[in-house]
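Welcome! Please take a moment to look over the sequence and the structure before reading on.

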Amino acid sequence: MMKPVAPRQYPKPPEGTWTEHYPELGTAPVSYESSISPEFYELEREAIFKRAWLNVGRVEQLRRNGSYYTKELAVAKTSLIIVRGMDGEIRAFHNVCRHRGNRLAWNDDPRVESKGGCRQFSCKYHGWKYDLDGKLSSILQEGEFFGIDKANYGLVPVHCEVWQGFIFINLAKEPEQSLREFLGPMITAIDYPFHNVTERFYYRGDIRSNWKVFLDAFQEFYHPPILHGRQNPVMSNPEYQRMGFYTMHFQIDGPHRVGCTSGGAGGLLPPEALNPIEGVFRSGLFGPWDHADLGIEGSPPGLNPGKKKHWGLDSFQIFPNFAIVFWETGWYLTYHYWPLAHNRLLFEATLYFVPARNVRERLAHELAATTIKEYALQDCGTLEATQMGLESRVVTRFPLGDQELMCRHLNYVVNKWVDDYRRKHVER
Amino acid sequence: MALLPPEFSDLEPFAKGWCLASEPERYAKRLASTMEELQALYDAVFPRTQAVMSYLEKFPLHELPDDALRLLHLLYSLIMVSFPVEIWRQPYLPDTGTASFELNDEPVP
């Protein structure tokens, strides 16, 4: 048994708590009606997912001119084509042929996302052809059509901008903000060598829980010593189970937020605090113990925004459904929470490492990636149970602690965006 | 015919079942196995891990001969079974119901 160590507590803002530092959030118990109501979900689709910038991938997924992939966006009942044109520009289009509405790019099963490379898109139905910049280039038997001008029948474009190699789209006719304005100063302060950190493990799961109920578990560090208490001896430290775990630093900027915690790389722990496999491969939940060479001088700007000593990770939550977690040891992961219905989501987790140079580095990555799955599956099971509990409506107000500030903030922002949309559109 | 390099003939009994190239195959194999089978793999491979890594380090990562590549896949399987053996005492992760979480893309090798 590991020697009990009292969990470290960290200074809070002058108001006495993190939550009161952001007075608009209040401290009252919150409602999760927004996570169980089909009507609220319909509003969210319009008010949030068709207005906010959404991350749909990274530039490394489009390595060559002519590379493309499709992205299912059930929340907007559409599919997108993300493509790097022959001019090298990245563009996004609705994946719909202008002729009779057939889905344009797909293989075998139109419900499954596809990827590949091509010089133009050709519809499987009647062979209409589109250039990669969306222009309709050819109509079979064009003379049979009535006064048709190909210039009016290009693919329907979607606003698309790139920040730090992350491809974002916006489904609004005219986005209210540019991507950089939307991301705001806290997020755009990040300048990370993403292009050097490209070895990728991509997980996805179809889970029966509301996207926010699910996301909430990935933006608080209150649950790990309990839900994941058996996973390794650090987590099962009786002092953590008795006294809990504290986040070092919280920060909110517009609709986005970050929580930062201390380091936990296993290399710093005594052997009795490890699962045996972790000692052999020098890796675990916090990733490989040995620092990766990010290929830059010093630490990347924008990380550890609280400038804390013993900093271990930042969990940046980019509204509405995207998160980037940076680890001090030189790797990162992303989460995406894509609503499929009011009580169902597609959860994506992608781990990125500096490409392994040898077998030992590769095995350290393998252990980190496998460990993440063990934790995430426990969350998946539990959050289906939470959804069921909420849907009973037996309880309608839920107290959130100061360590759950980020959950309270998401709840606040979602309600604010939906109220704003209602005022502008529904009640008029 | 031997699947693994001769230096690791002691691991040969596990090669056919556990030298699996992808995580979904390894995860499915874990769920389809008994704890006795997982423990047997763990007990055989774990003590040989350092020797296997030293052997594999002789090759560039992207130029592993077939038998060495199978040995690497066997270590991936060791990692996969370490969770049931070291922590859960059952192949299936407790409290996960029917939730699924699948690896769709992974580095090769």
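## About the model

This is a predicted model, in which local features need pLDDT of at least 70 and side-chain atom pairs count only at pLDDT 80 or more, while totals for chains, interfaces and linings use all residues. Residues are numbered from 1 along each chain as its sequence is written, and chains are lettered from A and ligands numbered from 1 in the order in which they are written.

## Chain B

Chain B holds five helices and one strand, arranged along the sequence as α-α-α-α-α-β. Helices (H or I, at least four residues) and strands (E, at least two) are DSSP runs, numbered from the N terminus.

The C-alpha atoms of chain B fill a box of roughly 40 × 30 × 25 Å along the principal axes. Of its 109 residues, 32% count as buried, meaning that 20 or more other C-beta atoms, placed from the backbone, lie within 10 Å of a residue's own.

## The sheet in chain A

In chain A, seven strands make an open antiparallel sheet in the order S1-S10-S9-S4-S3-S2-S5; strands pair if DSSP finds at least two bridges between them. Strands S1 (54-58) and S5 (115-117) of chain A stand at the edges with a single partner strand each, so one side of each has no neighbour in the sheet.

Within this chain, six bridges join S2 (residues 67-73) to S3 (residues 78-84), and A:Leu73 stands opposite A:Thr78 in S3.

## A buried residue

A:Asp379 lies in helix H8 (residues 359-391) of chain A. Why does A:Asp379 count as buried? Because 24 other C-beta atoms lie within 10 Å of A:Asp379.

Key:
A residue is buried if 20 or more other C-beta atoms lie within 10 Å of its own, exposed if 12 or fewer, and partly exposed in between; C-beta atoms are placed from the backbone.
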